[in-house]
Amino acid sequence: METKTIETEPACDLDFDLCLDDVALAKTILASADQNGGKVSDAGIVFALRNILKMKYYPVAVKYFFEKGELKDFKNNAEYKTSLHPVTFCAYVAASRQRGDILLGTADKLGCSNAKYVMKLKEIDDAEIKSHLKYTKDWDQAERFVKTKKRLPKKPLAFATAPLHKAPFTPDLIHGMCDTLQSYHLANDWDAAFDNHPFEMTMTMNSSICHGCVQCFVMNKFNVTQMCSSSYTAGKTEQGEINWIMPYVQMEPTIHWMLERTVRDGGVSFPRTGETYPGFDICKLCPFLTFKKPKKS
């Protein structure tokens, strides 16, 4: 009987030990940045977030198209998908975040009135005000609250979402999801990178992701904010995550500093520098949670 030859893959150059050492990994990404004009690449940013800050999901690049030529170039040159049905803006972001899709959205494929309002695809109306009554005291308060939301400067022709490292466009901003401690580290690193303090967080009713992205575009400022009920149910955020939204041009300086701090301090985590054992944060470096090698007999 003829014996089947099993083909083997060539040896992989990836250094797994290095990837499991946060400091060594940070040094390697910084060294790569030195060869890239001093800047960490988009892929390097994603790798640092996922492997050093331990984020679960892809950070999502978001772009609003206002110019016909720019939109035409995207359609002609990018491999992308469109939605078969109108869905929420946070559903677009979720598909890029969790599945890695590159998506193009238009007004007729956007099913969320709150997103349409902040993206200037519709004006305020009774339905928009009514959708906020479940949170407010009365109609007048709901109307005033809706009018405080930031809106895009003009109506976009379309918008796109994609994992940052796969984005076939220069993003306007980056949306991410993480736990509260990860957002704390990221906000601290942004503060240090841009000499800002204190860090101010802004929350709006009924529009955490869609308004969060619009606000970031308009204000050109990093924000961390809770999920609204819509993004919890429609945006696939079932694990108590929190939103972070950062202007694209501010991502590289923030992550660059995070990497430098990791090298300087021996790790990215404040509760237990360089260590990830979760019990250490139960009571601020509890002395009882200490282990050492036994004495030789």
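Visitor: How many bridges join strand 2 to strand 3?

Guide: The model is a predicted one, in which local features need pLDDT of at least 70 and side-chain atom pairs count only at pLDDT 80 or more, while totals for chains, interfaces and linings use all residues. Residues are numbered from 1 along each chain as its sequence is written, and side-chain values use heavy atoms, with hydrogens and water left out. Strand 2 and strand 3 (residues 158–163) run antiparallel, and the number of bridges that join them is 3.

Visitor: Which residue of strand 3 is the bridge partner of Leu 103?

Guide: Strands here are DSSP runs of E with at least two residues, helices are runs of H or I with at least four, and both are numbered from the N terminus. Two strands pair if DSSP finds at least two bridges between them. In strand 3, the partner of Leu 103 is Thr 161.

Visitor: What is the order of the strands in the sheet?

Guide: The sheet is open and is formed by 6 strands with antiparallel pairing. Its edge strands, each of which pairs on one side only, are strand 2 (103–105) and strand 5 (223–225). Read across the sheet, the order is 2-3-1-4-6-5.

Visitor: Which strands does helix 4 touch?

Guide: Helix 4 (residues 68–77) packs on the sheet, and its direction makes about 130° with that of strand 1 (60–65); axes are lines fitted to C-alpha atoms, for helices over the stretch in contact, and angles run from 0 to 180 degrees between N-to-C directions. With contact taken as heavy atoms within 4.5 Å, the strands touched by helix 4 are strand 1, strand 2 and strand 3.

Visitor: How many residues of strand 6 are buried?

Guide: Buried means under 20% relative accessible area, exposed over 50%, and partly exposed in between, with a 1.4 Å probe and protein chains only. Ile 242, Trp 244 and Met 246 are buried on one side of strand 6, and Asn 243, Ile 245 and Pro 247 on the other. The number of buried residues in strand 6 is therefore 6 of 6.

Visitor: Which element gives the largest share of the lining of the largest cavity?

Guide: On a 1 Å grid over the protein atoms alone, a cavity is a set of points where a 1.4 Å probe fits but cannot get out, and lining residues have an atom within 4 Å of a point. The largest cavity has a volume of about 50 Å³, a volume being the space filled by probe spheres set on the points, which are joined across faces, edges and corners. Helix 5, helix 10 (208–219) and helix 11 (229–234) each give two or more residues to its lining. The largest share, 3 residues, comes from helix 10.

Visitor: How many disulfides does the structure hold?

Guide: A disulfide is a pair of cysteine sulfur atoms within 2.5 Å. The cysteine sulfur nearest to that of Cys 112 belongs to Cys 210 and is 5.1 Å away, and Cys 112 is in no disulfide. The number of disulfides in the structure is 0.

Conventions
On a 1 Å grid over the protein atoms alone, a cavity is a set of points where a 1.4 Å probe fits but cannot get out, and a pocket is an open set with protein on both sides within 12 Å along at least five of seven lines; lining residues have an atom within 4 Å of a point.
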